[in-house]
Each structure stands twice: as structure tokens, then as C-alpha cells.
Amino acid sequence: MEKYNAALKYAAEKHEGQQRKGGEPYITHPIAVAEKLREWGYGIDYQLAGLFHDLIEDTDATEGEILRLSNEHVLCAVKLLTKTDGYNMTEYIAGIRGNEIAFAVKGADRLHNLESAFCADIEFRRKYVKESREWYMDFRPEMPAAVAAIEETIKYDIQEYYTEDFYVCFCDTENVETYCDTTLFSDYRKSRLEKLARESAKESSAAAEMMLIHAIKHRMPHIPLPLQYEAGEHGKLYIPKSDIYFNLSHSGSKAACILAKKPCGIDIQEIKKPNMKLVEKYYTERERAMCPDGFTRIWTRKEAVAKADGRGLGIGIGSYDVCDNTVFLNGVTYNIYDIPASGGYTLAIAVQSDIK
């Protein structure tokens, strides 16, 4: 353990200031790789190589420093995993395949990168899937499923964002076939679809359900599908006798879902010309000061809080201010987050806090 901790401290220092595509500190990736190797039953040399695998390529770490903190077997694996200028992919992969430690680390590295690739744009994801299919499919038994999951995000332009407390995914409804497979749809959603006349409304409703199914499959795979839920008194969806919290939203050509550990709300809105009558009627003085540019962002935050509370717009949307990232409402505190959503949309979520 002492050896691992020393290696972790060194890797963290060398990767300091670097970030992943999703914005999290880069060191979270080597740690995740080492953790996968530990879970798979690999020993300390494999875990150290996992912590060190990007050091030579991405930092000013030296071979001597790596050798001092590990041994020649770890250093050899790290060197094989390092892409140099003008490297040949065939030779690079052949070298990794010929070294047990490097092969195991690359499997964990690629798998974690696939699990995180949702943060990248579609073109990057397409490139990453192509490369994975060409070179890495046999590195781990989990690889085909991980590649298929990214392919699904490409097909429907699914974007994802998550922390320890919540998971958010959203997609473009224009990429959802009108008559998509409803096998895993809830009875509630099937009933809703039957009542909708406009095809655009059906697409939005179906896309919201697809996001819920996607979220359950990828974050709570132990939960059986189809997921059955009901609408409460004020229309908020809930699962009877369950501690699973979720909420759905759609607007224009986007649909979104949130899963969280506590009551939550989500709202996505297409950015449109500000409605100053709504501003005068429902916005606080501080919120008005953020308009017209912040009109849609404020409204989205208000709706997310209202949906987390459960009463929706009946809560009196003008009775609370969302300029700060916390709101105290009806004896409960909610944390508000703005989630990046390109293409002329704004997305906000609200999650109940432990703070009273």
C-alpha cells in the first residue's frame, strides 16, 4: 500500500493542472485504470503501470523517476504504452500484445476511455469507436459492449454528464425513428404515445423515454426493464415503493433525463426571444437584472426547481429566486446546476440537498 500511495502522489503531481474532456482532473483516469486492474485481480506491478501509463507521453516524468518508484517490468510496460512521434500503430499494438502488463493496462485504459467518451463530440466518438473496433476488441471481454454503448450515443446524438450524486443524458429527437422499438417502454409511456396525434410530439415523448431507458441501462443495470412508473398528483413521475429518483424533459428537438440519489428535476429549453411579460410577472429583481440575455437560463432553472419540488409550475414560479446555485423552498434546500447543452439550448437540473 505504501508503494502504491507513493506512486499515486507522484502521478498526481505530474498530471497536476491537466484535465479530461469532461473537465475532471486528469489523474482520475490513471486512478480508474489502476482500480480496474485491482478489481480484475492484477497485482501491484500492473496497478503501478496503470497509474504511470500516460506519464512519459503527457508529462515531464522521466524513466529514472518511474524506475525508482517501481521496477524495470513496470517501466518496460509504460514505455510500450507510450506513443512517440511518428509511431506505427501496427508496431505499437504488437509491442503491447507481447507484454502481459502492458496488454492488461491497455485493456483497462481503453475500457475507461470508452466509458468516458460521451463527453466528447460525435466526430471524436466515431473515431474512437473505429479505432477500438480495429485494434482493441479482444483486449477485454467487456470491450464489445462498451463500444456498442458509445455507438448508441452516436446513433441518437446522446450526450451525458454525471457526478457521484446525479446522472444526466440528453439527445436530439430528430434522430429518433417515429416508430422506434417500444419493447422496453413503460406502460405509462405507451399510453401517452397512443394519445398524441402530432408526430413531432410522439418523437419527443419517445425520446424522453429512450433517455430514461439509456440511463437505467448504463447507470443502474441491475434494475429490470421495462421500468414501470406513475404520475403523481401534480404530474411528476415516480416509481412506487422505490428510492430511484428521475425526471424527464423535452423541448424543440431535444429530450433529457436525470437520475439522482435524491428528489430531482430537469428542464431543457430552446433558447428563444425573451418574453418580457413573463419577466415582469415571474422574475425577481435580481433575475430581471440578468435579462434579456439570461431569460431562458433563468426560466430553465426555475422549472428544474419546481419539478424537483414536485408541484411543478403550481408552486408559484415567481416566489423564489434562482440566481444562486442553491434554493431553499418549502423547508428543503435544492442545488442547481447548469449543464452544457450546445445547439441553441439551455439545460438545468435541481437536486435536493442534505442541507436543511
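**Reading the features of the model**

Tutor: Helices (H or I, at least four residues) and strands (E, at least two) are DSSP runs, numbered from the N terminus. The model is a predicted one, in which local features need pLDDT of at least 70, side-chain atom pairs count only at pLDDT 80 or more, and totals for chains, interfaces and linings use all residues. Residues are numbered from 1 along each chain as its sequence is written, and side-chain values use heavy atoms, with hydrogens and water left out.

Student: Is Ala215 buried or exposed?

Tutor: Buried means under 20% relative accessible area, exposed over 50%, and partly exposed in between, with a 1.4 Å probe and protein chains only. Ala215 counts as buried, because its relative accessibility is 0%.

Student: Which residues is Ala215 in contact with, leaving aside its neighbours within four places in sequence?

Tutor: Contact means heavy atoms within 4.5 Å. With those neighbours left aside, Ala215 is in contact with Tyr167, Cys169, Met220, Cys257 and Leu259. As for distance, Ala215 and Tyr188 are 27 residues apart in sequence and, C-alpha to C-alpha, 17 Å apart in space.

Student: How many helices and strands does the protein have?

Tutor: There are 15 helices and ten strands in the protein. Its C-alpha trace spans about 70 × 45 × 40 Å along the principal axes. Of its 356 residues, 49% count as buried. Among contacts with a separation of 6 or more, 57% come from residues 24 or more positions apart.

Student: Which residues have the most contacts inside the largest nonpolar core?

Tutor: A nonpolar core is a set of buried Ala, Val, Leu, Ile, Met, Phe, Trp, Tyr and Cys residues joined through side-chain atoms within 4.5 Å. The largest one here has 42 residues, and Tyr10, Phe52, Ile66, Val105 and Leu114 have the most contacts inside it. Helix α8, residues 100-116, gives the most to this core, with seven residues. Apart from this core lies another of 27 residues, including Tyr156, Ile216, Ile223 and Ile239.

Student: What does Ile66 touch, not counting residues up to four places away in sequence?

Tutor: Ile66 touches Tyr10, Phe52, Leu55, Ile56, Leu75 and Val78 on that count.

Student: How many disulfides does a search of the whole structure find?

Tutor: A disulfide is a pair of cysteine sulfur atoms within 2.5 Å. The search of the whole structure finds zero. For Cys323, the nearest cysteine sulfur is that of Cys291, 8.8 Å away. Cys323 counts as buried, since its relative accessibility is 19%.

Student: What is the phi of Lys241, and what is that of Asn330?

Tutor: Lys241, which is not a glycine, has a positive phi of about 55 degrees. Lys241 is in the loop between β4 (237-238) and β5 (245-251), and it counts as exposed at 91% relative accessibility. Asn330, also a residue other than glycine, has a positive phi near 55 degrees. Asn330 is in the loop between β8 (326-329) and β9 (332-339), and counts as exposed at 61%.
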